[in-house]
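Reader: I have a folded chain to study and would like to go through it with you, step by step. Could we begin with the whole and then turn to single residues?

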Amino acid sequence: MIHELLLALSGYPGTIFTWNKRTGLQVSQDLPFLHPNYIRFTEFIELHTGHVHQQEHHTNQPNQTGLHGIYLRAFCTGLDSILQPYRQALLDLEQEFLGDPHLTISHVNYKLDQFQLLFPSVMVVVETIKSQKIHGCQILETVILAVCHGVMYKQLAAWMLHGLLLDQSEEFFVKQGPRLGGLSGKQLRELQDLRLIEEENMLAPSLQQFSLRTEMLPSYIPIRVAEKILFVGESVQMFENHNHSQSPSRAGSILKHQEDLFAAGLHRLKQQPLFSLVDFENLIDHIRSTVAEHLWTLMVEESDLLEQLKIIKDFYLLGRGELYQVFIDLAQHMLKTPPTAVTEHDVNVAFQQAAHKVLLDDDNLLPLLHLTVDYQGKDSKEATGPRDSATPPQDTSPREVPPTGWAALGLIYKVQWPLHILFTPAILEKYNVVFRYLLSVRRVQSQLQHCWALQMQRKHLKSNQTTAVKWRLRNHMAFLIDNLQYYLQVDVLESQFSQLLQIINSTRDFESIRLAHDHFLSNLLAQSFILLKPVFHCLNEILELCQSFCSLVSQSVASLDERGSAQLDILVKGFRRQSSLLFKNPLQSGGTLGR
């Protein structure tokens, strides 16, 4: 009987001690301490690893739980190591009974008493994993085993030191896929809370390769630490992928050849029996600061980030106002109608001519700039997204005919490595939104100035009441547009750009630069009213009214006829109504446009 008991305790039931899938191990009432947990443990281990210490009748059972992955196998390894003292105790008992056949079952009870508390507790963990189908790093949340953390440290080493994401079963808290770019999570939540976002695709995910799988992040690892891990791995991979094609001055390691040192640090953490967040975060911070400083050197010193930002400001934010003034005059006739297949070529010729006229003949810069025009039938792969001269991208078909070439205009800047990690396609598209808006304001201002020139030419002609109304409306329109232009260029663009440069010059950390740039761009979108739906709607209406007025004036050399006078009356009333809405809007900061 003793040998039957020992065999049953080892997971091999017999005639006295039998195994039943429904009721478990059937034992004598004299052995109340015995539970079928060991057999369940070994079944669980075999099911998910394929190698345990039990009889053949359990070996071919299919995996019915759907659980899988390297973290689960690591847990099974840890579980098996926990059972090793139990197996050794059974061997010791067998030797004791062979030496003294008069020992009683109570001696077995005494020797195995230590497992009466351990096994039920471990079984709770196993059942939790099975019932909740806990996967990957989530297992670390259920049971903090050094053996499971060993898997995480291996994945961390591959990701942070070599840029490799070794995660076939989607268990790690870093994943391949997009994340939200441009606005920080906090800024986005603030904008959403204020209900200021007009179009969801204005804040479309940037084309980042990797992001966090937050549901896999253990609660004892803060999100700030996970973001640092994500940043390091992305940076290392970017650098490794491009390192072979770079010049010798850029060759080398983004980790400053400290891979072995960091690998040793991760190995030491792996060997710790208990997870220490302080030690873990200190090492992550050390690696992150090394990468961030190296990227700062690449960006600011070797790639001349300040000069690149000046280029962005000059061309996307219309810093070179004289260039765009000439361009507007040259391209007006070709962009006032719906675009065709040759429009893009023609506007780029006009852009080059404008650059030559204002003595902008930079042979290295101009080839990196290219104006795009979306039109019906254009290959969607070539298009950079829906265009609108004054509004965010709309969810319209890319094959829909734009009303004018201005509405389909965009600007592409070929960003050089490694600046592409700061100026992503999504970031440049947000700049394009601002570009089209600023260009529309500049065009309307130019048209109103042209109307003023016509007024001066015609001032000798006999005037009437309608003429007075016409030129009074032009004055009111010019006053508003001139103040809007000044506000956008001085109070918003110059002010925000100055703050951005101050931050860049006061840090040696790339992440600080990226956050400052994101903040700069989000402030441009918000303070330019692009994200302020009521204000932006009023401004769009006003710009359209101004364009309609300029068309009316340009087409009427002499005094307005009856039809023209009626149209003028509609424009006066519409401008008065929209202006009133604009200045009374509670979201509009008082006095910014009406100085």
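Reader: What share of the 595 residues in the protein is buried?

Author: This is a predicted model, in which local features need pLDDT of at least 70 and side-chain atom pairs count only at pLDDT 80 or more, while totals for chains, interfaces and linings use all residues. Residues are numbered from 1 along each chain as its sequence is written, and side-chain values use heavy atoms, with hydrogens and water left out. Taking buried as under 20% relative accessible area, exposed as over 50% and partly exposed as in between (1.4 Å probe, protein chains only), the buried share of the 595 residues is 51%.

Reader: Is Lys313 buried or exposed?

Author: Lys313 lies in helix H12, which covers residues 305–315; helices here are DSSP runs of H or I with at least four residues, and strands are runs of E with at least two, numbered from the N terminus. Because its relative accessibility is 14%, Lys313 counts as buried.

Reader: Which residues is Lys313 in contact with, leaving aside its neighbours within four places in sequence?

Author: Contact means heavy atoms within 4.5 Å. With the neighbours within four places in sequence set aside, the partners of Lys313 are Leu318, Gly319, Glu494 and Phe497.

Reader: Is Asp363 buried or exposed?

Author: Asp363 is found in the loop between helix H14 (343–357) and strand S5 (369–373). Since its relative accessible area is 67%, Asp363 is exposed.

Reader: How many helices and strands are there in the protein?

Author: Helix H12 holds Lys313, and the loop with Asp363 runs between helix H14 and strand S5. For the protein, the count is 19 helices and 6 strands.
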